[in-house]
Amino acid sequence: MLRTGSVPAHRVTYGGAVTLAPRTTAPRRPSAVSPPDDVRLPPLSAVLAGLLSIAAGLLCRFAFPDPGWWPLAPVAVAAFTLACWGRSARQGAVLGLLFGLAFFVPLLSWSGVYVGAVPWFALATLQSLYVALLGAAMPTALRWAARRHGGVAALVVACLWVGQEALRDRTPYGGFPWARLAFSQAGSPFGHLAALGGAPLVTFAVALAGAALTVALVRARQGATGRPGATRAGVATVLVVVSGLAVPLPTAGQGVRVAGIQGDVPEAGLDFNVERRAVLDNHARVTRELADRVASGQTPAPDLVVWPENGSDLDPFLQDDARGVIDGAVDAIGAPTLVGAVLRRPTDHLTNASIVWTPGTGPGELYAKRHPVPFAEYIPSRSFYRRLSSKVDLVREDFVAGDRVGTLDLGPAKVGVAICFEVAYDNLVRDTVRAGADLLVVQTNNATFGRTDEAVQQLAMSRLRAIEHGRAVAHVSTVGVSALIAPDGTVLSRSRLFEPAILDAELPLRHEMTWADRLGAWPEGLLVALGLIGLGGVLVRRRTETGLRRPAADGSLADR
């Protein structure tokens, strides 16, 4: 293209002569690359964005028990979204890492109580890297807002949160689903949505409310031209928050009397089971105390009894004295009892098991934990990790995984069993309900985490599972916190940490499947796909716009 002065010219041919004439063109429509005025917002300074990301991570931590201030979760998402507004992908990744460290380091402090800071910080850093990946994608997702599509931007951001958690839940070594946004919402309106789409839908709703709040704030800041958009975004935020209240949470069902036995341990820590016979004796003694109460008419007789994980660390199939203690306690209470025990099977490994123990009959069918915890119940690549820390040898023998769904007949109930951290995995709990479980049981041992928030964080997961599957839950720990939970997530009976306790309540047996049970992993898969499509839409549009505006020989731009 040629220029004469400041007026563009083009070639005009008359006969064989070539002359220059001014170009006359219609005014060019502004490129969509430039954001409209009503959504243009300069990004925060790098320092302010970093501080805001750290503050957001801390807010998110306090959304989880304790204290469990659930409204802080969407506020944290909103603050992090605002920090990422207008940044590059690299800057977003750094902000995500800051958010993750501020969130996971304090939340997972229980993981280093007895093994030191190195495993604690390693776990927190690994989890933070997933949030860094989310942060790298956030600026691209927010470009939808720069094209007057604030609602689309909020939707894509929420889907990306689900995608980040889906990846973190599965990798590495089977994943670590702790600290999903959903697990902070068992007592909130968001929690009701678990009955429709499980934990992924709850996370989506929390993140959507937070992202929509950011869009509302940004549009409000634009002045008069942005106020209608701000109002719509604000209304959308409120609707998302209260939407869960429209989801019914039925609790009716045939009632059964359930007793949970919390026997306590001689001392907290990694050596809680050094006096293994003492731990077994504690649970047998508390069971006999319950039998005495029943005999005296103080307490109704239970239809079934639940012991916790590690109720017996002596293998009752190999040690006659351990079997005798359990036989005596179960015969005394006169009700089928689910006993958590460590078995030496196969002979060179261990199995974390739940055993149905019947009065007068003894042990029957059992469930072997399907997802042993890496670095706690087994050490993957032990020789490699030993070079990093000798602490790996605290796990002297590896546990092996079971291969059957945890559904067991326990007296009048068909219980779906999750052992300890298994309650965090969607599929492991859902499989039991689909296999016919009408009551959920979570057997856990929190002795190795001392007086930290690990126990109440795990209890929050059981509350959300109750809502998700419409099933009552018996959540029983060696040392607490134990609880009996109604199908709507309400805690009916609860113990305190590190003291013997008997929990007793009537829980309904329910057979109806929720939408979450029917749909399975489809809601999560759909939300992840939508997030990726949203990102792809921005990238494709950017490439198209770039291609339509090519540089000319003199450096000016011309349409193709």
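A charge is taken to sit over a ring if NZ of Lys or CZ of Arg is within 6 Å of the ring centre and within 35 degrees of the ring normal. By this criterion the charged end of R518 sits over the ring of W515, 5.4 Å from its centre. The charged end of R345 is likewise placed over the ring of F317, at 4.9 Å from the ring centre. The model is predicted: local features need pLDDT of at least 70, side-chain atom pairs count only at pLDDT 80 or more, and totals for chains, interfaces and linings use all residues. Residues are numbered from 1 along each chain as its sequence is written, and side-chain values use heavy atoms, with hydrogens and water left out.

The protein chain contains 14 helices and 17 strands; helices (H or I, at least four residues) and strands (E, at least two) are DSSP runs, numbered from the N terminus. Of its 560 residues, 55% count as buried, where buried means under 20% relative accessible area, exposed over 50% and partly exposed in between, with a 1.4 Å probe and protein chains only. Contact is defined as heavy atoms within 4.5 Å. Among contacts in the protein chain with a separation of 6 or more, residues 24 or more positions apart account for 69%.

Aromatic pairs were assigned to rings of Phe, Tyr and Trp (its six-membered ring) whose centres lie within 6.5 Å; planes under 30 degrees apart count as stacked, over 60 as edge-to-face and the rest as tilted. The count by this rule is 17 aromatic pairs. One of them, formed by W110 and W178, is tilted, with 5.0 Å from centre to centre and 55° between the planes. W110 lies in the loop between α3 (89-107) and α4 (117-142), and W178 in the loop between α5 (150-168) and α6 (194-221), so the pair ties together parts that are 68 residues apart in sequence. Both W110 and W178 are buried. The pair of F421 and F449 is stacked, because the ring centres are 6.3 Å apart and the planes lie at 15°. F421 is in the loop between β10 (413-419) and α11 (426-434) and F449 in the loop between β11 (439-444) and α12 (454-469), so this pair ties together parts that are 28 residues apart in sequence. F421 and F449 are both buried.

A cluster linked by ring pairs is made up of F64, F80, F99, F103, F104 and W161. Neighbours within four places in sequence aside, F99 is in contact with S53, A56, G57, C60, A76, F80, V131 and W161. The C-alpha atoms of F99 and V77 are 9.9 Å apart in space, for residues 22 apart in sequence.

Two packed helices are described by the angle between their axes and the distance between the axes. Here axes are lines fitted to C-alpha atoms, for helices over the stretch in contact, and angles run from 0 to 180 degrees between N-to-C directions. The axes of α6 and α12 come within 8 Å and cross at roughly 140°. The two helices are therefore oblique to each other, given that angles under 35 degrees count as roughly parallel, over 145 as roughly antiparallel, 65 to 115 as roughly perpendicular and the rest as oblique. A194, A195, G198 and A199 of α6 make the contact with L464, R465, I467 and E468 of α12. By class, this contact has 5 nonpolar, 1 polar and 2 charged residues; Ala, Val, Leu, Ile, Met, Phe, Trp, Tyr, Cys and Pro count as nonpolar, Asp, Glu, Lys and Arg as charged, and the others, Gly among them, as polar.

Most residues other than glycine have a negative phi, and most peptide bonds are trans. D66 and P67 are joined by a cis peptide bond with omega of about 10°, and P67 is located in the loop between α1 (46-62) and α2 (72-84). A cis bond also runs from T171 to P172, with omega near -20°; P172 is in the loop between α5 and α6. N310, not a glycine, has a positive phi of about 65°. N310 lies in the loop between β5 (304-306) and α9 (320-333) and is buried at 9% relative accessible area. C420, also not a glycine, has a positive phi of about 55°. The position of C420 is in the loop between β10 and α11, and C420 is buried, with a relative accessible area of 7%.
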